[in-house]
Amino acid sequence: MSTTYHVLPTAAHNDLVRAAYVHRGYTAAEAEDAARFCEMASAHGIRTHNAIKALHLDHLFGSATGGCKPGAEVKVIEKKFAASEVWDAQLKLGQSVAFSAMERCMEMADKYGIGQVSVDNAFHYLWGGGYVMDAAKKGYIAYTNCTSTLGEVVPFGGKFPVLGTNPHSWGLPTQDACGFPIVIDWATSTVAMGRVQQLKREGKPLPPGAAVDAAGNPTTDANAAQWLLPFGAHKGYGLSLLIEVMGAMIGGSLPTLRGGGAHPTIKGQPTPEGEKRTGSFYFQVIHPDAISSGLFAQGRDFNSNMKAVIDDILGHGNEGCMLPGQPEAQNAAHTAKAGGLLFTTAEVDALNEIADEVGAARFDAASLPTYDTP
């Protein structure tokens, strides 16, 4: 069944995003990073982490509440390791920190074959897949993970939400092999909270096994969903725990306190003396030459060997299977064909609420061109 979207001019979208961030006190450079990120998310069909989500998150946990500080400057903490850096983000806008950290990792990978940046005192960077995709398009293998703003995931076998959705993302430079970077990007919960919010806007149900209500009962009602569940039972729980403990190594504190707390018994209470409410990021970039033996079968080179492996995976009756990153590539193709960013009527309404906030002209959904996707 096809879906009809309104086509919003990219420049108009970016102007609104920049205006919103500047209105909230962010610098012009931060607003530019925010617009770049939101365009990237929308162009690739990431409806759970577009401008609506970014600005909603900023309102709830960012500039409006002190969880993010417009104009903050990153402090580099001195370390003895040449290919590693540790940053104190000092609550700087997450998108700006992530773009800069990934760029720094690529610089180190060019010199050392690998580069990593860990970030403490961070504010959520939203869609990690965008940052690794950007690096993969430039020819690098890239990875990132982060601890989420809130602890709103119930551990496997438990009752109380103590984990973040804790997403992690890989990007592989496979565009010469299959036409696009393979991007493996997911939250360690069955769905992200942004997905719950999107389905609530659209009046659609959640998939089974994604959430529980306030009493801890499984629910598919997006309006009743209170806490999330890890994907794959103990497997998703293990990945989420890995990121929590890695975040603790970077400098993160108690997950139940992050963002001011999610559970009613914690939310709104004073932060205990000496504790922290911030998340952490981790970025890693590998130069492909640093891991390649060059000993490819049949005399193949690097790219033709990747293509041969991917073709083998998608052969033997598996031709209908999709690769991670393929839906994003298809969405980007639709965006290019439409000549602008694609939004539902409900999303245009949400963007108009942002326009009202900054005193900008509203978008008239009825007068916008439309585009149908299969």
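In this predicted model, strand E8, made of residues 211-212, is joined to strand E10 by 2 bridges, and the two strands run antiparallel. Within this pairing, Val212 stands opposite Trp227 of E10. Both strands belong to an open sheet of 3 strands, with the order E9-E8-E10 and antiparallel pairing. Strand E9 (218-219) and strand E10 (227-228) stand at the edges; each has a single partner strand, so one side of each is left without a neighbour in the sheet. As background for readers new to sheets, the strands of a sheet pair through backbone hydrogen bonds, either parallel or antiparallel.

Is Glu152 buried or exposed? Its relative accessible area is 12%, and because buried means under 20%, Glu152 counts as buried. Leaving aside neighbours within four places in sequence, Glu152 is in contact with Pro161, Leu163, Thr165, Met193, Trp227, Leu228 and Ala262.

A search of the whole structure finds 11 aromatic pairs. One of them is formed by Tyr143 and Trp170, whose rings are tilted, with 4.7 Å centre to centre and 40 degrees between the planes. Tyr143 lies in strand E5 and Trp170 in strand E6, so the pair ties together parts that are 27 residues apart in sequence. As for the two partners, Tyr143 is buried, with a relative accessible area of 10%, whereas Trp170 counts as partly exposed at 32% relative accessibility. Elsewhere, ring pairs link Phe37, Phe99, Tyr125, Tyr131, Phe281 and Phe283 into a cluster.

Finally, open space in the model can be considered. Rolling a probe the size of a water molecule over the atoms shows where empty space is left. The second largest pocket has a volume of about 420 Å³. It is lined by 19 residues, of which Thr3, Tyr5, Arg47, Asn331 and Thr373 are the closest to its centre. Which elements give two or more residues to this lining? They are strand E1 (3-8), helix H7 (193-202) and helix H11 (326-338). By residue type, the lining of the second largest pocket divides into 11 polar, 4 nonpolar and 4 charged residues.

Methods. Residues are numbered from 1 along each chain as its sequence is written. This is a predicted model: local features need pLDDT of at least 70, side-chain atom pairs count only at pLDDT 80 or more; totals for chains, interfaces and linings use all residues. Side-chain values use heavy atoms; hydrogens and water are left out. Buried means under 20% relative accessible area, exposed over 50%, partly exposed in between (1.4 Å probe, protein chains only). Contact means heavy atoms within 4.5 Å. Two strands pair if DSSP finds at least two bridges between them. Helices (H or I, at least four residues) and strands (E, at least two) are DSSP runs, numbered from the N terminus. On a 1 Å grid over the protein atoms alone, a cavity is a set of points where a 1.4 Å probe fits but cannot get out, and a pocket is an open set with protein on both sides within 12 Å along at least five of seven lines; lining residues have an atom within 4 Å of a point. Grid points are joined across faces, edges and corners, and a volume is the space filled by probe spheres set on the points. Ala, Val, Leu, Ile, Met, Phe, Trp, Tyr, Cys and Pro count as nonpolar, Asp, Glu, Lys and Arg as charged, and the others, Gly among them, as polar. Rings of Phe, Tyr and Trp (its six-membered ring) pair if their centres lie within 6.5 Å; planes under 30 degrees apart count as stacked, over 60 as edge-to-face and the rest as tilted.
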